[in-house]
Each structure stands twice: as structure tokens, then as C-alpha cells.
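This report describes selected features of one protein model, element by element. The sequence and the structure come next.

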Amino acid sequence: MSDPLLWHRLQFAFTIIYHYLFPQLTMGLALLIVVLKIVGLRTGRAKWDDAARFWIRIFGINFAMGVVTGIPMEFQFGTNWARFSEIAGGVIGQTLAMEGMFAFFLESAFLGLLVFGERRLGRRGHFLAAAALFLGSWLSGYFIVTTNAFMQYPVGHEVGPGGHLHLVDFWAFVLSPWALAQYAHTMMASVVTASFVMAAVGAYYALQGLHGGQARLFLRIGVAAGLLSSVLVAFPTGDLQAKLVAEHQPVTLAAMEGRFESGGMAEINVIGQPNVRERRLDNPIRIPGMLSWLAYGQFHRNVRGLNEFPEDVWPDNIELLYYAFHVMAGLGTLFILLMATAAVFDWRGRLGRSRLLLWILMLAFPFPYIANTAGWMTTELGRQPWLVYGILRTADGASPTVHAGTALFTLIGFSGLYFVLGLLFLHLIGREIAHGPTALNPNEGTAALAHGAEVPRD
């Protein structure tokens, strides 16, 4: 308990997991809001603008929480992880600075126009503001993911005096195959979260008999986007990530599957409990050949087990890594099944009448958050014991001047503050959902605002 490194890691894990609850929704919502605005612009029906306006308010609350909870992590780079910042800052400082200078300000400026400027902007101007918000939100995600991708797969750099990293190929850094694959996977996962939240709100309204037209719209958009994004998370983006891990971090792949022995026809373990002391997987249920195929595209290919690697390069928490990966993969499979079932019901015109399915959709919204969190844990635990893979060990990146007691004290402080913020967030979101979607002006359609014409709402 007196190990400072343990508390540094726990503090960063807590703050980043809490923080990531908010941007994963805003990034996905940014895309869905653009879709709502496009359909509203093409059809001229005000109900799409009413729906977009409702979700812009939800976006705004989540965005504010994301900003507040993201600021402490920036400071942690300079306090708890000062040695890491000193060594790798010459590379990762590029993307972190661009995230703040370009993406964040683009996102912030146009969010203000979206929330407060609809009457002045008109429909086309409001759509362009939504598109700019989407661009800023997804650019922000790209710069952050690219930073993390360098820590997983460092390219475009050279090691200078004192072990400091210097950027020598900017494009290799920002367009590395790991960054592109991880970004696609992460963004599709954010759309899954937003789709499930949208479908859950629609299901809630449908069960309560509220906002009938908007309930149907939320359900249809949420289910369609949820099915498409859930499939894309698994294939091709998840499949591509698995192949990159197999090629560049084979010890991580072995730990993710609790695989100790090498061999061909490597199996996927559907369930099982890794027994690191005995170097085996207890009570496994396996699908032969699937891991070889997922990793290399061939069933007979050899997949190396942990026993082939020195123990000092094994991920330091194989059990947690194994369970995080299987929670993510298992929930992802269930998401496809649930949204496919809901899509069939919707196609047959029965989605709004199936109260059981509506209850499931309403209660399912927390699970994409769990899956996304498990996914990030898989990524970060799999990289250990490295901060920058193969270059800088985690133990060598922590600040030597911040002791365990200080890290524990600030962790307790963050926990209390975030608990209060969480209550405030739930109150604000609950109030918006209770208020529901509303017209910009109940006495006239949104299009009438811009063109002086009456526009149907349904």
C-alpha cells in the first residue's frame, strides 16, 4: 500500500474511466445529431429538428462534464507522471496540443451556436453548426487516440540523449496503422453508446405513453444506428485491432486469452478462469482454431503462449486483462443480437407494442458504458508493463517526488468531488428527459422560421 506507483496508476485509472463516460456519449451523439439535422433539412419536417434540439441539450450537459473531469488528467501528466512527460513529451505533446488548440475550441464554439443560435442561424446554418461540432468532436477523439496509439505502437520517432523521444516523421506518427484501427474501433464504440442511450430514452417514452412521435423516432434511429455500429465494432474494426495486437504485442494476445502454451489451431476461450500460478486456464469452453483465424486469418497458424515470453514482459495483471477482454467481447456480441432482434420487430411494425423488448432496450443503456470501459482496460492493461511499448516501462515513468500518501489523498479528493458532480449530472439529465423534446416555437414549425412556410411536425 506504500507503493507510489500503485496509487499513481489507481488515480489515473479512476479519473480516466470516470471522464470517459462522457466523451464516449458526446462523440456518438455528434454523429446522430448530424443525421437528425440532415433528415430534417431534406424532409422539411420539424420533428427531426425538435429531436436534434433535445439531443443537443443532452450533448451539452455531457460535454460540460467531460471538460470538467478531463482537466485533472492534464495536470497528472505533470505531477504523477512527470518522468513520462519529460521523456515522451516531444512526441505526444504534438497531438495533445492539437486536441486543445483545434478540436476542443472548434467543439466549444459551435456547441454554443447550436444551443443558443438556432433562431438566428436558420435551418441550414444550424445544420452547418452541427456538422462543425461533429468535426470538432471526432477530431478531438482522433488526437487522443493517436496519442494512446503511440504508447501502444511507437513510430515516427527517434531516441535522443537521455532516452528522450523526438518526433522525426509526423505523418508516420499521426497515420500509423495502429492509430487508424484504434480510432475506427473507438468511434464506432461511441456510436454504440449513443445509439443505446437514444433507444433507451425512446423506449422510456413509449412505455410511459409520452411524446409518441419522438419516442418512435428515437427508437428507430437508436436501433438502426445501434445495429450498424455494433456490427462495425466487431468487424472490421475489432478484427483489425486483433490482428495488430497479434503482430506487434503477441504477449498481450496470449494474456487476453489466458493462453500459456503455443500451438496451431489455437482456440478462442468463451469462458474460463486464468490460473497464473499453475499456468493454465481452468474450466474452459473453447472454440478450436478461432484464435488462429482471428489473429492471422488461417486456422492452422501457431499462436504463441505466455510460456514463450520472459515473465518480466508479461502484463502484470493477467486475470483482470482476461476478464476485461471477455466482458467487452461478450457484451459486444449481445449488442448485435439485441439490436438485430429490435430491428426485426421494427421492420414488422411491432417494436412499439412489445413491452418486454421496450423494457430490455430501456434497461440496456448502461452496458455499452461497461463494454467501452472494459475495452479501454483491455488496451491499457495489455500494454503493461510498458508506458511506451518496448521503450519506457511504467515504473520508470512515474514522478519520483509524489509519494503514495499524496496520491492517495488526491484520489480521495477526486472521488468525493466526482460523486457530487455525478449527482448534479443525474439531476440535469433527468430534468431534460422529463421535459422531453419541444418545438422551437410551438406556434410555428422550424422551417417557418427560416422560410415563412408552414412545416408538418409528423
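## Basis of the values

The model is predicted: local features need pLDDT of at least 70 and side-chain atom pairs count only at pLDDT 80 or more, while totals for chains, interfaces and linings use all residues. Residues are numbered from 1 along each chain as its sequence is written, and side-chain values use heavy atoms, with hydrogens and water left out.

Helices (DSSP runs of H or I, at least four residues) and strands (runs of E, at least two) are numbered from the N terminus. The expected span of a helix is 1.5 Å times one less than its number of residues.

Buried means under 20% relative accessible area, exposed means over 50%, and partly exposed lies in between (1.4 Å probe, protein chains only).

G209 follows α7 and has a positive phi, near 70 degrees. In the loop between α7 and α8 lies H211, a residue other than glycine whose phi is also positive, near 45 degrees. Most residues other than glycine have a negative phi, and most peptide bonds are trans. H211 is partly exposed, with a relative accessible area of 30%.

The 37 residues of α8 should span 54 Å at 1.5 Å a residue, and the end C-alpha atoms are 51 Å apart, which agrees. Even so, α8 bends by about 45 degrees at G238. A bend at a residue is the angle between axes fitted to the seven residues ending there and the seven starting there.

P236 also lies in α8, and the peptide bond from F235 to P236 is cis, with omega near 10 degrees. Another cis peptide bond joins Q384 and P385, with omega about 15 degrees; P385 is in the loop between α13 and β5 (386-388). L25, in helix α2 (residues 23-43), is buried at a relative accessible area of 3%. L25 and P236 are 211 residues apart in sequence and 22 Å apart in space, C-alpha to C-alpha.

## Helix α4

A kink of about 85 degrees in α4 is centred on G89. The buried residues of α4 include I87, A88, V91 and I92, and also E99 and E107.

Strands β3 (residues 268-275) and β4 (residues 280-287) pair in the antiparallel sense over six bridges; two strands pair if DSSP finds at least two bridges between them. N269 has R286 in β4 as its bridge partner, and P274 stands opposite L281 in β4.

The two strands form a hairpin with four residues between them, and R279 in the turn has a positive phi of about 55 degrees. Within β4, N283 has a positive phi near 50 degrees. N283 counts as exposed, at 57% relative accessibility.

## The second largest pocket

The second largest pocket has a volume of about 1,300 Å³. On a 1 Å grid over the protein atoms alone, a cavity is a set of points where a 1.4 Å probe fits but cannot get out, whereas a pocket is an open set with protein on both sides within 12 Å along at least five of seven lines; lining residues have an atom within 4 Å of a point. Grid points are joined across faces, edges and corners, and the volume is the space filled by probe spheres set on the points.

Its lining has 46 residues, of which H185, G238, F325, M328 and A329 lie nearest the centre. Elements that each supply at least two lining residues include α7, α8, β3 and α11 (318-347). The largest share, ten residues, comes from α8. By type, the lining divides into 26 nonpolar, 18 polar and two charged residues. Here Ala, Val, Leu, Ile, Met, Phe, Trp, Tyr, Cys and Pro count as nonpolar, Asp, Glu, Lys and Arg as charged, and the others, Gly among them, as polar.
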